[in-house]
Every structure is written in C-alpha cells, then in structure tokens.
Amino acid sequence: MISSVRGEVLSVGLDHAVVEVGGVGMAVQATPTTLAGLRRGQSARLETALVVREDSLTLFGFADAAERELFGLLQTVTGVGPRLALATLAVLDPAALSRALADGNLTTLMSVPGIGRKGAERLVVELRDKVAPPEAAGAEQLGAEDLPSGSVVASGTMRDQVVEALVGLGFAAKPAEKAVDETVGALGEDAGSSAVLRAALHRLGPNR
C-alpha cells in the first residue's frame, strides 16, 4: 500500500493533483479543500490510500492521517465505495462529518449526493461509536467568504469545469449549474475555479 507521497506538485486540477515521486508523476484524487492547499512547483506531502480494482489502481490523497482514516472508515459501511467516501469528505469536512455521525444528524449526512435516508441511518448505526466527537472550536465548515481563490481562467471554461467536477462528485447537473452560476455571481467572474468549486459545494451541501 502507498501510504503517503512527497514531491513536487506538477499540476493541480479540480479533482486531482499530479505529484512527482522519484521521477514518476503520480495522479492523486483528492477533495477540493486538500487540492486548494497545493501549489504547482512547490513540494507537498499527502497521506494516501491506494484502491485496487480489477481494471484500475486509484490513489487518493488527504491532508492528514485523520482524514485518510475517515475515508477508510466510511468504506466499511455497505454501499459506500471510494468515490462516495471522497464525495462525503468533499461536502463535509472531517470535523463536520464526525459531529454528524456522533449526533446522528441524518439531514447533514443526506446533504451528500448519493446518500439517502437509509444510507444516512446505516452510517450512523455503524460508525457513531467509531468516531470521536470533534471539538466545537474551529469545527464549522468554511463559507464562501473564507475560500482561497485558485488560478484565474475564462469564466465559460471555468463554469463547465466546475459543473463537471460537481457532477463527478454525484450532484445532478441542473442543481450544479445553478450553484455555480450563483457562486460566480457572488464571487465575480475573476474568481478562481478552486474557490468557485468549494463555494458551490458549500451551497449544495448541508445548507441545501
């Protein structure tokens, strides 16, 4: 298992980054929040989990070991695969997710695309006793005003890329388009794609 990678960041996309390790560029899937902390040309270290399937090897990256553990823990629940686990961490940061599980907050868990009431109930039943309630301080999710901007791109292209990333996370196309349009209207057309993606997730997540 590849438990971590360290190296120069060659590129950062909306859903993955490429990190050079020993002369090899490794594509690492990650949440928008994790990707927002990476800068092209700078060195970075990510905790990772390698998911092996018959037809693919996919590397997922995380800002810290705690987030990676939650990623693995989510997949112990029936019906939750790596993509849904990553989407959950994209919509809910580790503190918000742990709090929702500990409190049995089904509404918050159901804000993740792909998780309905039965799925949320299953998550609570199976994981409630396996997560520690987070400290209240600093546990709230970021709002749009807290989001850092990424590289500036043409608004039309940016919109399509962000919508595509949201659909890839499991959101329906029309709500994703609406959230992106509202976010661009609030942040301005010069906002970076990473900032728009994170703010759109905030609109589509627990507050929807």
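**First stop: the strands**

Select strand β1 (residues 4-12) and strand β4 (residues 43-53), which run antiparallel and are joined by 5 bridges; two strands pair if DSSP finds at least two bridges between them. Strands here (E, at least two residues) and helices (H or I, at least four) are DSSP runs, numbered from the N terminus. Along this pairing, Glu8 stands opposite Ser43 in β4.

Before going further, note that this is a predicted model, in which local features need pLDDT of at least 70 and side-chain atom pairs count only at pLDDT 80 or more, while totals for chains, interfaces and linings use all residues. Residues are numbered from 1 along each chain as its sequence is written, and side-chain values use heavy atoms, with hydrogens and water left out.

Arg53 has Ser56 in β5 as its bridge partner.

**Second stop: the aromatic rings**

How many aromatic pairs does a search of the whole structure find? There are 2 aromatic pairs, where rings of Phe, Tyr and Trp (its six-membered ring) pair if their centres lie within 6.5 Å, and where planes under 30 degrees apart count as stacked, over 60 as edge-to-face and the rest as tilted. Select Phe60 and Phe71, whose ring centres are 5.1 Å apart and whose planes stand at 40°, so this pair is tilted. Phe60 lies in strand β5 (residues 56-62) and Phe71 in helix α2 (residues 65-74), 11 residues apart, and the pair thus links distant parts of the chain. Both Phe60 and Phe71 are buried, a word that means under 20% relative accessible area, with exposed over 50% and partly exposed in between (1.4 Å probe, protein chains only).

Next select Phe62 together with Phe71: their ring centres are 4.8 Å apart and their planes at 45°, so this pair is tilted, and both residues are buried. Phe60, Phe62 and Phe71 form one aromatic cluster.

Leaving aside neighbours within four places in sequence, the contacts of Leu123 (heavy atoms within 4.5 Å) include Leu74, Val77, Leu109 and Arg128.

**Last stop: one threonine**

Select Thr183 in helix α8 (residues 173-187). Is Thr183 buried or exposed? Thr183 counts as buried because its relative accessibility is 1%. The side chain of Thr183 reaches the backbone oxygen of Ala179 at 2.7 Å. Not counting residues up to four places away in sequence, Thr183 touches Gly188, Val196, Ala199, Ala200 and Arg203.

Finally, show the whole protein chain, which has 9 helices and 5 strands. Of its 208 residues, 43% count as buried.

Conventions:
Polar contact = N/O pair within 3.5 Å; in protein donor to acceptor, adjacent residues only side chain to side chain.
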